[in-house]
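Welcome, and please open the structure in your viewer. We will take a few stops, and at each one I will tell you what to select and what is there.

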Amino acid sequence: MRMIENASEVLIMPLEKFRKEQIGAAKDAKKKYDKETEKYCGVLEKHLNLSSKKKESQLQEADSQVDLVRQHFYEVSLEYVFKVQEVQERKMFEFVEPLLAFLQGLFTFYHHGYELAKDFNDFKTELTISIQNTRNRFEGTRSEVESLMKKMKENPHEHKNISPYTMEGYLYVQEKRHFGTSWVKHYCTYQRESKRITMVPFDQKSGGKGGEDEAVILKSCTRRKTDSIEKRFCFDVEAVDRPGVITMQALSEEDRKLWMEAMDGREPVYNSNKDSQSEGTAQLDNIGFSIIKKCIHAVETRGINEQGLYRIVGVNSRVQKLLTILMDPKTATETETEICAEWEIKTITSALKTYLRMLPGPLMMYQFQRSFIKAAKLENQESRVSEIHSLIHRLPEKNRQMLHLLMNHLAKVADNHKQNLMTVANLGVVFGPTLLRPQEETVAAIMDIKFQNIVIEILIENHEKIFNTVPETPPSNSQLLLSRKKSTDSKPPSCSERPLTLFHTPQPNEKQENRNSIINSSLESVISSNVNSFLNSNSAPQPSLNSSDLELEVIKPNRPNSLSPLRKARALYACKAEHDSELSFTAGTVFDNVHPSQEPGWLEGTLNGKTGLIPENYVEFL
């Protein structure tokens, strides 16, 4: 009876106290952690389902709310881990010590246990010392862990887990189902050395695996453009041992950058000359005009009032099949043959846009792309129309005819905008990137997308004046020769390929050609829109030269050093460099030795002794 009473006081009560105080506190911390985990995951999934088409202010506010919830979840997680670690350490002495006391009493009360107690004495001594050492270590470790927890709360990004993987974390993977597509949460790991990606489906409700693991070998990783998918923070992964593209969604923009950095991801490059296997097969010949006319006739007779005309795209396989039929030389030139009624209007409109994209170059030509953008940036609407009017008449005849045909049609579409909901602005958004696409997708080109749309809007609204009348200041013969020369040049146009002055040139000999190339290279550093303003301000008649003239005559405006290849320029906007070859600067920064670079859309200049690239449309020359 004395042993039982002693056991209750020495063994049962201390263990009960340890269970209530320590393990109970750990269970409470776990409940709090589970609650915060469910709350954080719910908020995160709701945030990831936000459409990228919402206003920037709404998106920023949503990002801020998620960051606050994430920070709170981070703190609760650390507190839970700290409590679990404390219980594990306390268990080593607060659980074992009562047992030791109970056994000590047991051996004392039982005579036949004397020999056992004697044999146990060495182990008891060693265990007592070990308990004391463990207690001492716990006090020191507890203070260190508490200090580490405070540091991790203050600077969470400086304390990353040591992992054998280059990158790991949760990603949402797009999977195709019978009813459409769905986004499934996976825990993914990536090893750079082996380029191995492992994807483990994760079920949030059950808190564990939701399917079989899948491992692939990385081939390439590309950032997904925001306007190409409804979800945010997406990137595409191609695998060596799996066909197709795997689209993944990261938890945030920062998380996406980390994944792409780990996988050596690259930025998307669209509109290159390798976009389509059939690129270059389309031409501005009789077949090309016949195809466009058939498509326009079908749209105007059968579907001009269809909502979302040209905005809603057709099924790609159907579009390719229709183009194959239309481009067949046997039937393409038969003008009497119309497109059958079995083809949907969205398929026909997609075929028209695809054919224009299949041309070797955009309809409004690469070398005039920067000039059209500059014209759209003019403050005065009348000046914009006048400059674009002049540029249109510098295009080759077939390009202008096709553009005229297309703008007449788009004007009819816009006239029915109450039924088809396609206003002039909407048509500009659809056709701007097609008719005025840049040769390379640069930062400057992305910044100019809205100006591409403005050019198309002006063409639609003023198509009768632009295509049916001659510009007020028609280009001279020498300018037409210059434009033809550039249109046949296979090299990518320089970012500054815009002449300021007018000149007349005869049939040059070798020495004169060298001289002309030197003058042209310096002329190309000035904006072409200044040509009309200079011509309007200069009322004096221009001297004409006949074919017997041997010298190149240049009419220069009164502008000092305007032809110098190395000049000063001032930044109109701030810019942060994305590569080592670029310069970072703020608005108002002045650059020295600015001159055209070999990169289209970029200039090269010096800032504080460092030479680098500058976006062309970010600066103005002094």
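Two strands count as a pair when DSSP finds at least two bridges between them. Keep that in mind for the first stop, and remember throughout that this is a predicted model.

**Stop one: two hairpins**

Select residues 590–596, strand β11, together with β12: these strands pair in the antiparallel sense over three bridges. Now pick P596 and look across to β12, where its bridge partner is L603. β11 and β12 form a hairpin with five residues between them. Click on G601 in that turn; its phi is positive, about 85°.

Next, highlight all of β12, residues 602–607. This strand is mostly covered, with five of its six residues buried.

**Stop two: a cluster of rings**

Show the side chains of Y33, Y40, F73 and Y80, which ring pairs link into a cluster. The whole structure holds 10 aromatic pairs. One of them joins Y33 and F73: this pair is stacked, at 6.0 Å centre to centre and 25° between the planes. Y33 belongs to helix α1 (residues 2–48) and F73 to helix α2 (residues 56–94), so their pair ties together parts that are 40 residues apart in sequence.

F73, in contrast, is buried, with a relative accessible area of 18%.

Stay on F73 and bring Y40 into view. The centres of these two rings are 4.8 Å apart and their planes are at 10°; because planes under 30 degrees apart count as stacked, this pair is stacked. Y40 lies in helix α1 and F73 in helix α2, so here the pair ties together parts that are 33 residues apart in sequence. Y40 counts as buried, at 11% relative accessibility.

**Stop three: charges over rings**

Where does the charged end of K185 sit? Select K185 with Y170: the charged end lies over the ring of Y170, 4.6 Å from its centre. For another example, select K377 and F451. The charged end of K377 sits over the F451 ring, 5.0 Å from the ring's centre.

Definitions and conventions
Residues numbered from 1 in each chain as written. Predicted model: local features only at pLDDT ≥ 70, side-chain atom pairs only at ≥ 80, totals over all residues. Heavy atoms only, no water. Phe/Tyr/Trp six-rings, centres within 6.5 Å; stacked < 30°, edge-to-face > 60°. Helix = DSSP H or I, 4+ residues; strand = E, 2+ residues; numbered from the N terminus. Buried < 20%, exposed > 50% of the residue type's maximum accessible area, 1.4 Å probe, protein only. Lys NZ or Arg CZ within 6 Å of the ring centre and 35° of its normal.
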